[in-house]
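Dear colleague,

Please find below the structure that I was asked to pass on to you. My notes on its salt bridges and pockets follow it.

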Amino acid sequence: MKGLRIFISLLFAVSLIMGCANVDCPLNNTVYSHWSFYNEDKAVSIGDTLYFYARANGKDTLLINRLYNAKNMDVPLSYYQPADTFILEIHQPISADSIGIWQDMIIVSKDNLDHFNSPECGIWHEHSVTNVINTNVTIDSIQVVKSKIDTNEDENFRIYFK
């Protein structure tokens, strides 16, 4: 009987030690780039309807549909491509029965970084932006604020409109 108590106590102590293993996985391991809108040096809300597409292999994929009165947006980047091509489309009412549509193309060049924390957390892909170019229909310029795109929700890009 005494041996059984010692065995149960030892088993309890081992389970406590093993149960205290702490794996520090982030709550969110989804990586999005964070884009903010500016006019000159002032943050602005886009009062028009905004659509945001990713272009790959000649096809467009709608990422953001009918974003209205927004100050920013979060956009995923591809895992394995060295550059991502996006189309920013703005729909602006001109009159009661007509809408003006303007498009700008944005190309984000980047290095893709596999991030491994532990087997329990799995792998996610972070990015390091190397260059951004854009057309100038509605966009004046794009500033890279933070080139490392990771699970933090920091501002990465500022779009300056004309």
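Glutamate 155 has a relative accessible area of 19%, so this residue counts as buried, the limit being under 20%. Please bear in mind throughout that the model is a predicted one.

**Salt bridges**

Side chains of opposite charge can pair when their charged atoms come close. In the whole structure, 6 salt bridges were found. Glutamate 155 takes part in one of them, with arginine 158 as its partner and an N to O distance of 3.2 Å. Arginine 158 is partly exposed, at 23% relative accessibility.

A second example is the pair of lysine 148 and glutamate 126, whose side chains meet at 3.6 Å, N to O. Glutamate 126 is buried, with a relative accessible area of 6%, whereas lysine 148 is partly exposed at 38%.

Lysine 146 and aspartate 154 also form a salt bridge, and their closest N and O atoms are 2.8 Å apart. Both partners count as partly exposed: lysine 146 has a relative accessibility of 22%, and aspartate 154 has one of 34%. These two residues belong to a network of salt bridges that links Lys146, Asp150 and Asp154.

**Pockets**

Rolling a probe the size of a water molecule over the atoms shows where empty space is left. The largest pocket holds about 290 Å³ of space. Its lining consists of 15 residues, and those nearest the centre are Ala54, Arg55, Ala56, Ser78 and Asp84. At least two lining residues come from each of strand S3 (46-56), strand S4 (59-70) and strand S6 (83-95). S6 contributes the most, with 4 residues. Sorted by class, this lining has 7 nonpolar, 5 polar and 3 charged residues.

The second largest pocket has a volume of about 220 Å³. Among the residues that line it are Val44, Ser45, Ile46, Gly47, Asp48, Trp102 and Phe161. S3 and S6 are the elements that give two or more residues to this lining. Which of the elements supplies the largest share of the lining of the second largest pocket? That element is S3, with 3 residues. By class, the lining of the second largest pocket has 5 nonpolar, 4 polar and 2 charged residues.

With kind regards

Terms used
Residues numbered from 1 in each chain as written. Predicted model: local features only at pLDDT ≥ 70, side-chain atom pairs only at ≥ 80, totals over all residues. Heavy atoms only, no water. 1 Å grid on protein atoms, 1.4 Å probe; cavity = no way out; pocket = protein on both sides within 12 Å on 5 of 7 lines; lining within 4 Å. Points joined across faces, edges and corners; volume = space filled by probe spheres on them. Nonpolar A, V, L, I, M, F, W, Y, C, P; charged D, E, K, R; others polar. Salt bridge = Lys/Arg side-chain N within 4 Å of Asp/Glu carboxyl O. Buried < 20%, exposed > 50% of the residue type's maximum accessible area, 1.4 Å probe, protein only.
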